[in-house]
Amino acid sequence: MMLFNRDRDRPWKLTLATALFLVVAIYIKAQNAYVDFLDSSIVDVIQKNQPGWKTLLYRGVTSLAEPKLDIIWVLILAFLLWGFKFKIPALWCLATLAGGDVIASLVKNLVKRARPTGHLAIDNGYSFPSGHVFGTFLLVAMIWVILVPMIMASWKAWLVRILLIVWMVLVMVSRVYLNAHFPTDTIGAVLLAYLWLQIAEGLYIRLAPMMQSWPLLKKSEI
């Protein structure tokens with residue numbers, strides 16, 4: 001049984017995610033007033049109260065979601081998958097993160113959105129899309145589609161899914177709370193990561209059976 005089944009709705013999912021992402025990106029590039037209003041409204045809510053414990057929490061969250069750490073997390077995941085004979089899925093995880101990082105970097109340099117005023121010096125580079133959110137979404141998605149289905153007890157599987165969703169939301173909120181990104185940077189990152197995931201899954205379905213014939217991957221599960 002293949003890791004990803006053919007999804008008749010994938011073209012629609014990809015089309016919708018692409019359309020929504022392009023709308024967000026174009027509006028941001030054009031410095032649209034509606035985007036500014038949406039961002040400022042959400043920022044006011046998230047940054048309204050800033051007690052010390054909350055700042056400490058979000059700094060911890062954003063540190064664990066560093067793009068450089070995403071590479072380590074995915075390497076660990078790929079190592080474990082490879083050890084349990086899921087060699088092709090392991091390579092897919094590595095390629096998905098690497099390809100996604102290239103795409104996110106290209107988008108950053110095309111849109112060239114400046115960071116919010118008063119951002120920390122460590123948060124350099126362009127603002128859209130959020131690299132933290134983009135990488136976290138891909139990592140969460142890998143766990144969701146590969147590891148969660150392996151959990152036998154349904155309640156445990158749902159518990160893991162809930163924790164993954166909570167973590168994703170915490171990362172998104174932390175980037176806005178710490179003034180590293182605008183809210184639409186995080187929304188755009190989720191949309192871009194989702195559409196790239198749809199492409200990556202489609203490529204897996206096409207290429208995985210062929211890769212099973214390669215000498216190193218003959219005994220790999222797909």
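**Buried charges and their partners**

Arg 10 and Glu 201 are both buried, where buried means under 20% relative accessible area, exposed over 50% and partly exposed in between (1.4 Å probe, protein chains only). This is a predicted model, in which local features need pLDDT of at least 70, side-chain atom pairs count only at pLDDT 80 or more, and totals for chains, interfaces and linings use all residues. Residues are numbered from 1 along each chain as its sequence is written, and side-chain values use heavy atoms, leaving out hydrogens and water.

**Salt bridges**

- The count comes to 3 salt bridges, each being a side-chain nitrogen of Lys or Arg within 4 Å of a carboxyl oxygen of Asp or Glu.
- One of them joins the side chains of Arg 10 and Glu 201, at 2.7 Å from N to O.
- Arg 10 sits in helix α1 (residues 10-29) and Glu 201 in helix α8 (residues 183-211), so this pair ties together parts 191 residues apart in sequence; helices are DSSP runs (H or I, at least four residues), numbered from the N terminus.

- Asp 39 forms a salt bridge with Arg 113, with the closest N and O atoms 2.8 Å apart.
- Arg 113 also meets Asp 185 in a salt bridge (2.8 Å, N to O).
- Through shared partners, salt bridges join Asp 39, Arg 113 and Asp 185 into one network.

**Around Asp 70**

- Asp 70 belongs to helix α4 (residues 67-83), and it counts as buried because its relative accessibility is 2%.
- Leaving aside residues up to four places away in sequence, Asp 70 touches Ala 65, Leu 97, His 132, Gly 135, Thr 136 and Leu 139, a contact being heavy atoms within 4.5 Å.

Conventions
Helix = DSSP H or I, 4+ residues; strand = E, 2+ residues; numbered from the N terminus.
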